[in-house]
Amino acid sequence: MSKTKVLIITYYWPPAGGPGVQRWLKFVKYLPKFDIDPIVYCPENPSYPIIDESLLAELPDNIKVIKQPISEPYRFANLLSKRNSKQISSGVIPKQKKQSLIQKLLLYVRGNFFIPDARKNWVKPSVHFLSDYIQKHAITTIITTGPPHSLHLIGLELKAKLGVKWLADFRDPWTTIGYHKALKLTQSSKEKHLQLESEVLNTADRIIVTSTNTQKEFESKTKRPISVITNGYDSHHIKKPAKDSAFTLAHIGSLLSERNPIQLWEALQELINEHEDFRSAFQLKLIGVTSDDVVSTMVNHGLKPYIQNFGYVNHETAIKHQMASQLLLMVEIDSEETKVIIPGKLFEYMASGTPIIAVGPEDSDVEKILKTTNTGQYFYYSEKERIKSQILSYFEAYKSDTLVVNAIGLEQYSRKALTKRLSEII
């Protein structure tokens with residue numbers, strides 16, 4: 001029996017780094033095991049803000065990847081300010097009060113001249129190319145994944161033109177995502193985003209989302225079927241390193257300006273001041289892009305001597321840090337919009353065997369997952385005393401060499417199990 005051909009339209013593909021690439025890299029890895037033949041369509045010359053060459057080694061053998069050129073405005077924005085352009089393209093947006101004139105200009109242009117995003121110019125040439133390719137290769141199903149949500153417009157036009165089955169995968173929401181507020185959108189731009197979002201949600205044959213809160217949001221906007229398929233963790237052959245000798249709290253990934261839990265920094269400052277053994281053992285590891293605002297707040301709370309700032313590291317090194325650290329930190333912006341966000345790294349955190357300290361908004365999907373899997377503790381921004389007490393409890397376990405995780409129900413979040421669910425709706 002021949003396999004079902006599926007065309008996956010994605011912007012992020014190795015050597016792109018960061019969480020955006022891994023979801024479909026892993027789906028593509030396992031889909032052939034479920035009699036599905038994935039064909040990947042991605043840009044030939046993209047402007048990726050993060051590069052991770054190590055992900056090239058994870059590319060499955062014999063997977064067909066087709067590429068077409070893309071024209072992106074970030075190359076021109078680099079002429080104004082390469083650093084600011086790179087930060088904005090990767091989602092690191094300074095607080096409004098601290099934005100320079102160039103940053104304000106870049107945000108305004110990005111928000112109002114490139115709707116839905118800076119990859120919009122790839123839509124028409126992609127539709128032109130793929131219309132012929134899909135018919136020539138007898139492809140009946142396409143999948144678009146965003147952000148960038150402009151890729152859903154490729155699916156929208158191909159659906160209208162060819163009548164193919166179309167699944168729209170939302171790794172993040174569209175109009176309610178946190179950074180929209182920072183893009184200085186005019187009223188007409190806001191309305192345009194809402195219009196395009198509605199067209200996609202009400203035209204795709206099925207919507208795929210990564211969280212139940214996003215599912216609830218979209219159910220108020222469309223009657224199309226919506227499936228929740230979270231991100232997950234994958235097996236790897238990395239040898240488990242020895243645990244850090246210091247009492248290390250590691251944050252892996254981007255720490256944006258608004259991900260700045262002052263109560264956590266206050267709790268750590270108090271623990272350092274009140275407990276000599278904690279003071280001599282504690283280290284705070286920052287692995288990934290960290291906002292200057294966040295670092296400044298940490299320094300103001302006396303944490304500078306305890307910070308190890310590694311910057312961006314490749315995926316393999318990040319996994320080693322996850323396993324070696326004593327605690328892992330996850331922080332999400334404290335807002336209604338961000339309760340739908342489940343960072344992809346959460347599942348790798350959970351599989352690492354390292355306890356998790358998470359700080360974020362109430363009623364978030366992350367809180368529910370941590371509780372049901374018994375892999376960590378979740379706190380709201382205001383809960384300084386609870387945070388302080390839990391870290392001290394973990395520290396006592398660290399001293400007695402009993403700091404362990406007894407996880408339950410992790411298998412449902414394995415990449416293979418998630419791909420099986422995807423195969424059932426294709």
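This is a predicted model: local features need pLDDT of at least 70, side-chain atom pairs count only at pLDDT 80 or more; totals for chains, interfaces and linings use all residues.
Student: Which residues are buried in helix α14?
Tutor: Asp365, Val366, Glu367, Ile369, Leu370 and Thr373 are buried in α14, residues 365–373. Buried means under 20% relative accessible area, exposed over 50%, and partly exposed in between (1.4 Å probe, protein chains only). Helices (H or I, at least four residues) and strands (E, at least two) are DSSP runs, numbered from the N terminus.

Student: OK, what covers the buried residues of α14?
Tutor: The cover includes α8 (212–219), β11, α13 (345–351), β12 and β13.

Student: And what comes just after α14?
Tutor: Asparagine 374, with a positive phi of about 60°.

Student: Now the sheet. What is the order of its strands?
Tutor: The 6 strands run β10-β9-β8-β11-β12-β13 in an open sheet with parallel pairing. Two strands pair if DSSP finds at least two bridges between them.

Student: Why is one side of β10 and of β13 left without a neighbour?
Tutor: β10 (307–311) and β13 (376–379) are at the edges and each has a single partner strand, so one side of each has no neighbour in the sheet.

Student: How many bridges join β12 and β13?
Tutor: Strand β12, residues 356–359, pairs with β13 over 4 bridges, in the parallel sense. Alanine 358 has tyrosine 378 of β13 as its bridge partner.

Student: Which strands does helix α15 touch?
Tutor: Helix α15 (residues 384–399) packs on the sheet and touches β8, β11, β12 and β13. Contact means heavy atoms within 4.5 Å.

Student: Changing topic: how many residues are in the largest nonpolar core?
Tutor: That core has 60 residues, and Leu7, Leu130, Ile154, Phe170, Ile207 and Leu422 have the most contacts inside it. A nonpolar core is a set of buried Ala, Val, Leu, Ile, Met, Phe, Trp, Tyr and Cys residues joined through side-chain atoms within 4.5 Å.

Student: What does leucine 422 contact?
Tutor: Trp24, Phe27, Leu31, Ile208 and Ile229, leaving aside neighbours within four places in sequence. There is also a second, separate core of 32 residues, which includes Ala267, Ile391, Phe395 and Leu403.

Student: Last one: what is the mean pLDDT of the chain?
Tutor: The mean is 90, and 89% of the residues reach 70 or more. pLDDT is the predictor's confidence in each residue, from 0 to 100. Over residues 76–82 the pLDDT is below 50.

Notes
Residues are numbered from 1 along each chain as its sequence is written. Side-chain values use heavy atoms; hydrogens and water are left out. Axes are lines fitted to C-alpha atoms, for helices over the stretch in contact, and angles run from 0 to 180 degrees between N-to-C directions.
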